[in-house]
Amino acid sequence: MITLKKSYKVVTITRSFAQNLASSECALDYCTNIVRQHDYENFLATLLMTKSIRTPALVIRAFNVEVARVQDQTNDQYNAVFRLQFWNDALQSIYKKDQDINNIPANPTLKELFKICKCYNLPKRHLEKLITSRNSILKSKYFQTLEDIEKYSEESVSSIYYLLLAVAEITDVHADHAASHLGKAQGLANILRSIQVANRYKIVSLPMDILMKNKVSQEAVLRSNDSEELKNAVFEIASRANSHLEKARSIQVPKLAKQIFLPATSVDVYLKKLQKSNFSVFDKSLQRANATLPLIMYYKRFVNKY
């Protein structure tokens, strides 16, 4: 047994409690590191959140990263579906009545997710959508229409904002409305940003209806043929993303929600860089990290805007 003296009070800590505390800290470090490594821009935004919601926000984003990475960890569709099923089964176990943390699979993210689900009573449906949205894209492998991307973005991005609003105990229809538009803006921007990565896997992520409308073949996209027709297609998608972003920013939301929506800044920065490159989506400047983004985010946080 360990006895600690703190000012006038003596705190007695059992060895078991100390081990659990150390284990929890390691799990949180794991969640933090995986978000920093694989979702850096959202990681920056999360660091600027109020301390009370920062930790659960990192855990939620870590869970999203774990699920999103399934597509990149294997080229075998059946293996990917199997891995997503693992995350779905684990999520269902978290929400079992009278569940104990010792029965949760030995994964740091799942252990921490169990804690915040119980602490903040998070809606299961939004966590489920993070999984089902990835499952659906594994099966279809491409988007037929721009609206399909918006639906996917609503489930895979907006769901995160709904969960963060739940953590902050914000029940506001306007905040939900802004979250929906911001998620769609971010999802559309992500599709444009991921074109080169998708090409490596021989996947065309741009919607078929926009490509056909602008007379761009899938082969041209896979070959990174930056034609005027492709620029027109990219312009149309970027315009829709910007429209959603402007709509999200025009909605009056509670003060605390504004820091949750801080990732809107990175979406805005990317769309402006894309416009500057004349919507040349393969421009090398778009692949470079923006050194000023942390300062821009800090300023937005300081003035409480997104």
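Visitor: What do the axes of helix α3 and helix α7 do in this structure?

Guide: In this predicted model, the axes of helix α3 (residues 51-68) and helix α7 (residues 124-140) come within 10 Å and cross at roughly 20°.

Visitor: Why is α3 called roughly parallel to α7?

Guide: Angles under 35 degrees count as roughly parallel. The crossing angle of these two axes is roughly 20°, and therefore α3 is described as roughly parallel to α7. As for handedness, α3 passes α7 in a right-handed crossing.

Visitor: Which residues of α3 and α7 meet?

Guide: From α3, Phe-63, Asn-64, Val-67 and Ala-68 take part; they meet Leu-127, Leu-130, Ile-131 and Arg-134 of α7. Sorted by class, this contact comprises 6 nonpolar, 1 polar and 1 charged residues.

Visitor: What makes Thr-109 count as buried?

Guide: The term buried requires a relative accessible area under 20%. Thr-109 has a value of 0%, so Thr-109 is buried. This residue lies in helix α6 (residues 108-120).

Visitor: What makes the pairing of the Thr-109 and Glu-66 side chains a polar contact?

Guide: A polar contact needs N or O atoms within 3.5 Å, one able to donate a hydrogen and the other to accept it. The side chains of Thr-109 and Glu-66 make such a contact at 3.1 Å. Setting aside residues up to four places away in sequence, Thr-109 touches Glu-66 and also Tyr-30, Cys-31, Val-59, Ala-62 and Phe-63.

Visitor: How do you know whether Cys-117 is buried or exposed?

Guide: The limit for buried is again under 20%. Cys-117 has 5% relative accessibility, and it therefore counts as buried. Cys-117 is likewise placed in helix α6. Beyond residues up to four places away in sequence, Cys-117 touches Ile-94, Tyr-95, Leu-122 and Leu-127.

Visitor: How far apart are Cys-117 and Val-67 in sequence and in space?

Guide: They are separated by 50 residues in sequence and by 17 Å in space, taken from C-alpha to C-alpha.

Visitor: Where is Asn-214 placed, and why is it called buried?

Guide: Asn-214 sits in the loop between α11 (208-213) and α12 (218-222). Its relative accessible area is 15%; since buried means under 20%, Asn-214 is classed as buried.

Visitor: Which residues are in contact with Asn-214, leaving aside its neighbours within four places in sequence?

Guide: Asn-214 is in contact with Glu-229, Asn-232, Ala-233 and Glu-236 on that basis.

Definitions and conventions
Residues are numbered from 1 along each chain as its sequence is written. This is a predicted model: local features need pLDDT of at least 70, side-chain atom pairs count only at pLDDT 80 or more; totals for chains, interfaces and linings use all residues. Side-chain values use heavy atoms; hydrogens and water are left out. Axes are lines fitted to C-alpha atoms, for helices over the stretch in contact, and angles run from 0 to 180 degrees between N-to-C directions. Helices (H or I, at least four residues) and strands (E, at least two) are DSSP runs, numbered from the N terminus. Angles under 35 degrees count as roughly parallel, over 145 as roughly antiparallel, 65 to 115 as roughly perpendicular and the rest as oblique. A crossing is left-handed if the near helix is turned anticlockwise from the far one by less than a right angle, and right-handed if clockwise. Contact means heavy atoms within 4.5 Å. Ala, Val, Leu, Ile, Met, Phe, Trp, Tyr, Cys and Pro count as nonpolar, Asp, Glu, Lys and Arg as charged, and the others, Gly among them, as polar. Buried means under 20% relative accessible area, exposed over 50%, partly exposed in between (1.4 Å probe, protein chains only).
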